[in-house]
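Please view the structure before reading on.

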Amino acid sequence: MNNQIVQFKNVSFRYDTDAPYALNNVSFEVFEGEWLAIVGHNGSGKSTIAKLMNGLLFPEKGDIYIHHLKLSEELVWDIRDLIGMVFQNPDNQFVGTTVQDDVAFGLENHGIPRKEMIERVHEALRQVKMSNFLDQEPHHLSGGQKQRVAIASVLALRPRIIILDEATSMLDPRGRSEVLDVVRELKKKEKLTIISITHDLEEAARADRIIVMNRGEVYREGLPEDIFKMDEELIRLGLDIPFTTKLVKGLRDNGYDIPKDILNEDKLVDYIWKLKQNI
Amino acid sequence: MEIKTKHLEYTYQKNSPFEKRALIDINITIPHHSYTAVIGHTGSGKSTLLQHLNGLLQPTGGEIQIGDFVIRSDKKKKGLKALRKKVGIVFQFPEHQLFEETVEKDICFGPMNFGVPEQEAKLRAKEALKLVGLSEEYLERSPFDLSGGQMRRIAIAGVLAMQPEVLVLDEPTAGLDPRGRTEIMEMFYSLYKNYGLSIVLVTHSMEDASKYADYIIVMHKGSVYKHGTPREIFDKPEELIKLGLDVPESIRFQLKLEKRLGIQISDQPNLSIEELTESILSYLKWGVTQ
């Protein structure tokens with residue numbers, strides 16, 4: 001897992017020459033096959049990172065490498081072939097009148113022959129468990145289904161990296177877990193690299209690694225359990241603490257010495273059960 | 001101002017092959033000065049119901065009474081302008097509707113459209129800005145130079161400047177970071193507590209619904225599945241889970257823990273993390289408290 005697929009080297013960016021830096025000297029790596037979550041308050045620079053990664057924006061200072069290609073005007077189209085993006089609003093990313101037309105759209109743009117196109121559309125929809133909806137009109141789908149189709153559209157183009165830019169923030173809890181379950185499976189089976197940009201810490205908890213952004217800078221980087229130990233510091237950064245961590249804190253404050261590194265509900269349930277046995 | 005529906009029905013594209021029944025026999029009352037949450041998943045009819053609250057949609061069956069206004073399926077809609085002054089709707093991502101050069105002009109647009117003179121509208125803009133927690137310095141700024149959270153506040157101020165009696169909110173915190181979310185929810189709560197507004201909140205967040213609302217309506221497949229106080233609604237959490245709805249995190253954890261322990265740790269569902277912490281502490285100390 002030590003193959004770097006994305007590298008940011010001292011990247012700075014601002015939207016306007018007299019605006020403050022949206023990103024200030026940002027460096028980090030993403031490794032092939034990992035799920036990286038980038039979290040941060042609104043305006044912390046996380047979406048700017050996404051836009052820089054596929055050349056929707058270009059850095060003012062510093063370099064970006066995607067799969068060892070240095071991002072530049074000349075290579076931007078090669079780089080975009082490596083990256084698929086799924087955005088926040090499921091209704092803004094539909095172009096086709098049916099689910100399968102929609103997934104085919106990107107392939108048509110790439111001039112893929114019809115026979116292969118059909119195969120790829122079907123395969124992509126199978127991967128996101130939407131094979132039964134081939135001829136449905138997109139606007140009849142639920143939010144979670146729409147986002148899964150959006151992921152299929154991206155998958156059909158066979159990218160190496162998928163960026164989820166707040167892709168679950170408009171979904172209800174069920175839709176959110178549908179999408180995240182599909183993503184987890186894709187990462188495992190297709191060895192895709194996932195970068196999810198989010199301020200939902202429950203979503204971030206599913207990642208292998210988390211980068212916390214604050215005011216355009218990388219504030220902290222670590223495993224989810226290390227990040228959630230930051231506790232009150234996360235709240236100061238405009239974020240929140242996951243539910244389990246909050247509960248552990250409440251119990252600790254009342255004299256129960258529960259280890260701080262219990263981050264997941266099932267472990268806490270077990271711990272409380274054991275605690276009672278020993279009293 | 002009380003809102004009441006009687007056998008309210010709404011069918012999209014009625015008498016066409018695309019006919020779709022979105023609301024079926026809705027009978028609800030939203031009392032004067034109350035905080036009501038409407039929950040249900042996508043396609044449950046929440047948004048269709050919301051659009052009836054200020055006459056954007058006319059029922060295809062039954063009626064809705066909003067204060068003195070009655071809107072029926074068989075009568076032409078009249079006096080809607082007056083109604084819309086009283087019921088303000090904040091749609092999803094309201095900041096997309098900002099369009100003026102300055103914050104002041106944007107906030108004044110609504111009231112002036114309803115015939116409020118410019119001087120008065122400007123006064124209201126100042127007040128509304130205060131209500132959403134922004135200082136007067138913002139009046140002369142372009143709304144497009146502000147952060148997402150600030151833009152949303154400006155858009156909400158635009159609705160408040162019309163001085164509605166009922167504020168209808170459709171997922172008002174979508175896309176905001178956790179701090180922004182808490183600030184905006186606290187702001188609505190203060191408008192309800194301190195300024196006498198009624199709030200109707202459409203939300204996916206069961207935590208917000210149970211924390212802020214005194215009354216919850218659960219929509220499912222176009223019908224009202226259940227309505228009552230948060231405690232009544234979440235009294236049988238398994239039912240809601242079966243419908244594919246979420247329950248507050250504290251209840252979900254409580255169910256998990258009780259299953260593992262094989263006993264109940266509290267005689268009621270714990271609506272907040274504080275309640276849950278209390279239940280666990282008393283369980284650890286005393287064992288079962290039945």
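The text below describes the boundary between the two domains of chain B in a predicted model.

**Domains and contact.** The domain assignment divides chain B into domain 1, residues 3-242, and domain 2, residues 249-286. The contact draws nine residues from domain 1 of chain B and seven residues from domain 2 of chain B. Taken over C-alpha atoms, the centres of domain 1 of chain B and domain 2 of chain B lie 34 Å apart.

**Buried area.** Between them, domain 1 and domain 2 of chain B bury about 720 Å², and carbon and sulfur atoms account for 60% of it. On the side of domain 1 of chain B, B:Glu207, B:Arg231 and B:Phe234 supply 60% of the area buried against domain 2 of chain B, more than any other three residues.

**Polar interactions.** One salt bridge is found across the interface of domain 1 and domain 2 of chain B. B:Arg231 also forms a salt bridge with B:Glu275, with the closest N and O atoms 2.9 Å apart. Three residue pairs are in polar contact across the interface of the two domains of chain B, both residues being at pLDDT 80 or more.

By class, the side has four nonpolar, one polar and four charged residues.

How values were computed:
Residues numbered from 1 in each chain as written. Chains lettered and ligands numbered in written order. Predicted model: local features only at pLDDT ≥ 70, side-chain atom pairs only at ≥ 80, totals over all residues. Heavy atoms only, no water. Domains from an automatic or database assignment. Contact = heavy atoms within 4.5 Å. Buried area = accessible area lost by both parts, 1.4 Å probe. Salt bridge = Lys/Arg side-chain N within 4 Å of Asp/Glu carboxyl O. Polar contact = N/O pair within 3.5 Å; in protein donor to acceptor, adjacent residues only side chain to side chain. Nonpolar A, V, L, I, M, F, W, Y, C, P; charged D, E, K, R; others polar.
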